[in-house]
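This report describes a predicted protein model.

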Amino acid sequence: MPKGNVNKNPNDPRAARSVRDIKNTMLSLVEREPFAQIRVEQILSDAPVQSNTFYKYFASKQDVLDAIGDDLIARMRQELETLQPRNLRGGVMVFYNVINTDEPAYGKLFSEEEYAEFQEKIRDDFFDSDYFMDFCNNDEYAEIVPAFIGNVAAGTFRRWRENDNGKKRSLEQLADSTAELLLNGLKETE
């Protein structure tokens, strides 16, 4: 990559490529080592960018991780808008599909305790939308519905990933069960 400043125009392909390279390098590092051990210097040594380019777009490694999260949220919301018919199972499935990609770093980001803040941000940003409010028919609970849905969906996914990860139940079956639990709660058995 040539030295010099990258144009600050977000539509500049060089700027977009630099930002993408930094994010991809961060994901590669997340896959290999704990976040606390990742240093900006490692990102710079692995990504084909200069330090001035890195600092033009990011102040820290946390900023890079936050940008990765913002990309995930944007992707989830875009998929949510095209979902027809609007249903809770479909919304939960969008969440599961995006976080359960073949990208190994996502497995760590969505299941390991060290990324709890990241997980919480994604969960809250995604589920705190009008889409999920449509499933609340009681104004008294409206304030807490997104947190409830998000916590159940994220916690269920994390447990599935730790204990099952598709051995007994597919992701689709997990979404069905999660939506059923959210809509109907636990039923007494006779």
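## Helix H4

Helix H4 covers residues 61-82, and its 22 residues reach 33 Å from the first C-alpha to the last, close to the 32 Å expected at 1.5 Å a residue. The expected span is 1.5 Å times one less than the number of residues in the helix. Helices (H or I, at least four residues) and strands (E, at least two) are DSSP runs, numbered from the N terminus.

The buried residues in H4 are Lys61, Val64, Leu65, Ala67, Ile68, Gly69, Leu72, Ile73, Met76 and Leu80. Buried means under 20% relative accessible area, exposed over 50%, and partly exposed in between, with a 1.4 Å probe and protein chains only.

## Basis of the values

The model is predicted: local features need pLDDT of at least 70, side-chain atom pairs count only at pLDDT 80 or more, and totals for chains, interfaces and linings use all residues. Residues are numbered from 1 along each chain as its sequence is written, and side-chain values use heavy atoms, with hydrogens and water left out.

## Ser60 and the start of H4

Ser60 lies in the loop between helix H3 (51-57) and H4. At the start of H4, a side-chain oxygen of Ser60 comes to within 3.3 Å of the backbone nitrogen of Gln62. For a polar contact, a pair of N or O atoms must be within 3.5 Å; within protein, one must be able to donate a hydrogen and the other to accept it, and residues adjacent in sequence count only if both atoms are side-chain atoms.

Ser60 counts as partly exposed because its relative accessible area is 25%. Apart from neighbours within four places in sequence, Ser60 is in contact with Val40 and Phe54, where contact means heavy atoms within 4.5 Å. Ser60 and Val40 are 20 residues apart along the chain, and their C-alpha atoms are separated by 6.9 Å.

## Packing of H4 and H5

Two packed helices are described by the angle between their axes and the distance between the axes. H4 and helix H5 (residues 88-99) pack at about 145°, with axes 10 Å apart, and their crossing is right-handed. The contact involves Leu72, Arg75, Met76, Glu79 and Leu80 of H4, together with Gly91, Val94, Phe95, Val98 and Ile99 of H5. By class, seven residues of this contact are nonpolar, one is polar and two are charged.

Axes are lines fitted to C-alpha atoms, for helices over the stretch in contact, and angles run from 0 to 180 degrees between N-to-C directions. A crossing is left-handed if the near helix is turned anticlockwise from the far one by less than a right angle, and right-handed if clockwise. Ala, Val, Leu, Ile, Met, Phe, Trp, Tyr, Cys and Pro count as nonpolar, Asp, Glu, Lys and Arg as charged, and the others, Gly among them, as polar.

## The H4-H5 loop and H5

Pro85 is in the loop between H4 and H5. A cis peptide bond, with omega about -5°, joins Gln84 and Pro85. Most peptide bonds are trans.

At the start of H5, a side-chain oxygen of Asn87 reaches to within 3.3 Å of the backbone nitrogen of Arg89. The end C-alpha atoms of H5 are 17 Å apart, which agrees with the 16 Å that its twelve residues should span at 1.5 Å a residue. Ten of the twelve residues of H5 are buried, including Leu88, Met93 and Tyr96. The cover over the buried residues of H5 includes H4, helix H6 (104-109), helix H7 (116-127), helix H8 (130-133), H9 and H10.

## H9 and H10

The axes of helix H9 (residues 145-163) and helix H10 (residues 171-184) come within 10 Å and cross at roughly 145°; this crossing is right-handed. In H9, Phe148, Ile149, Val152, Ala153, Thr156, Phe157 and Trp160 meet Leu171, Leu174, Thr178, Leu181 and Leu182 of H10. The residues of this contact comprise ten nonpolar, two polar and no charged.

## H1 and the whole chain

Helix H1 (residues 13-32) has 20 residues and reaches 29 Å between its first and last C-alpha, close to the expected 28 Å. Its buried residues, among them Val19, Ile22 and Leu27, pack against helix H2 (40-46), H3, H4 and H6.

The protein chain has ten helices and zero strands. Of its 190 residues, 41% count as buried. The C-alpha atoms fill a box of roughly 70 × 35 × 25 Å along the principal axes. Among contacts with a separation of 6 or more, 64% are between residues 24 or more positions apart.
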